[in-house]
Amino acid sequence: MKKKSQLMSFDVSLSVIIFIIIIVVLFSVFFLITRDDSSKEFDFELGYVFSNLENNLKYDAPNQFFKDYRIDSSRLSSFYAISDIDDYVVGAIGNAHGIGLDVEAFDTCLFLIDNDNRILQVNGMDTVGQLKTGSCDAVIAVGGNPCDDYKNSFSMFKPVLLDEGNVNDNRIIQMNLVLCKK
Amino acid sequence: MKKKAYMYIVDVTIAATILLIGIAIMFYTLSAKDRTIYFTEQLSEDIIGVLSYTQITDLCVNPGGAGCSCPRYPKLHDVVCGGQLNQYDGSILSMFSEIIERGLYPGDVIKGVINETFVEKNVIDEKRFGFSVLFTDATTIQPLELYNSDEDA
């Protein structure tokens, strides 16, 4: 009987130990999966994206479409035609300074949402910016997610006045930046 | 004994299989592949900012005068073209200050303008982003709630 009871206690102890180990592993996996520290890691940089864009545009006057919550419609049109938004967000313009995002780490898409909840078309384009696979416009035009092949995506928007130079057309709309982390 | 050992092994195998399936399901359902993180830390500053930089003359024709009209903003039109304001060369935010300081219109009117500008015009999705606008009176230092998305506008 002694041998049997010793075996049983050993068996029970072993079971309990294995059970505890499994529970710890399960909880670790659970917390590992649901941990969201990516936003905290990039908080500092991402908070400055819009102001960095605005500051850098100062050094490229013809393309300075955005200043003091106001978007100049005619300059926006030429910006969409010729510019890569990444240049401005990173701060690579002439004497531009300020905190920007590393072009090696992020790709950026800029677009505007009008009052009818549709993307505002400018110069026949919905979006400006370049991705790994091509232009943001090409991806969004077919209803794709621009950050599909990326690690993470961050979206921010800002209410702005679209100044069309005509009170009948001026309106407050939504400017959006989508940042795809490489 | 052989039979017992066999049963134990089968038991462990089944348990291990169930555990692995459970972990795989948890991993698959909880891992957020296409999750987009929305940054809204600046939103409250931006709401006030756009109201303070947008002039009445940006959105309204001949404010306070003959033929006054705010073509895209009917509720703003009621205020600007109502003939009650003294200052027409300021911003939307300064207009709110004048309304409050002089008691020109009830609170629902300002609430309506804010709701029309941001919510009805799809600038801020009220279903996803709640916001409120407070006005602090300089004399009483009491915050006055101009708008709260949690209440019906």
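**A walk through the predicted model**

Val12(A), Val16(A), Phe19(A), Ile20(A), Ile23(A), Val24(A), Phe27(A), Phe30(A) and Phe31(A) together make a nonpolar surface patch of about 850 Å². One of these residues, Phe27(A), sits in helix H1 of chain A, which covers residues 2-34.

Now let's turn to charged side chains. Side chains of opposite charge can pair when their charged atoms come close. Over all chains, the structure holds ten salt bridges. Among them is the one where the side chains of Arg70(A) and Asp163(A) meet, at 3.1 Å from N to O. Arg70(A) belongs to strand S2 (residues 70-72) of chain A and Asp163(A) to strand S7 (residues 152-163) of chain A, so this pair ties together parts 93 residues apart in sequence.

Finally, have a look at chain B. How do helices H2 and H5 of chain B pack? Helix H2 (residues 43-53) and helix H5 (residues 92-102) are at an angle of about 90 degrees, and their axes are 5 Å apart. H2(B) is therefore roughly perpendicular to H5(B). Where they meet, H2(B) brings Ile48(B), Leu51(B) and Ser52(B), while H5(B) brings Ile92(B), Leu93(B) and Phe96(B). Sorted by class, this contact has five nonpolar residues, one polar residue and no charged ones.

Notes. Residues numbered from 1 in each chain as written. Chains lettered and ligands numbered in written order. Predicted model: local features only at pLDDT ≥ 70, side-chain atom pairs only at ≥ 80, totals over all residues. Heavy atoms only, no water. Axes fitted to C-alpha atoms, helices over the stretch in contact; angles between N-to-C directions. Helix = DSSP H or I, 4+ residues; strand = E, 2+ residues; numbered from the N terminus. Parallel < 35°, antiparallel > 145°, perpendicular 65-115°, else oblique. Contact = heavy atoms within 4.5 Å. Nonpolar A, V, L, I, M, F, W, Y, C, P; charged D, E, K, R; others polar. Patch = residues over 30% accessible without salt bridge, like charges linked within 9 Å, V, L, I, M, F, W, Y side chains within 5 Å. Areas by Shrake-Rupley, 256 points an atom, 1.4 Å probe, with all protein chains shown as cover. Salt bridge = Lys/Arg side-chain N within 4 Å of Asp/Glu carboxyl O.
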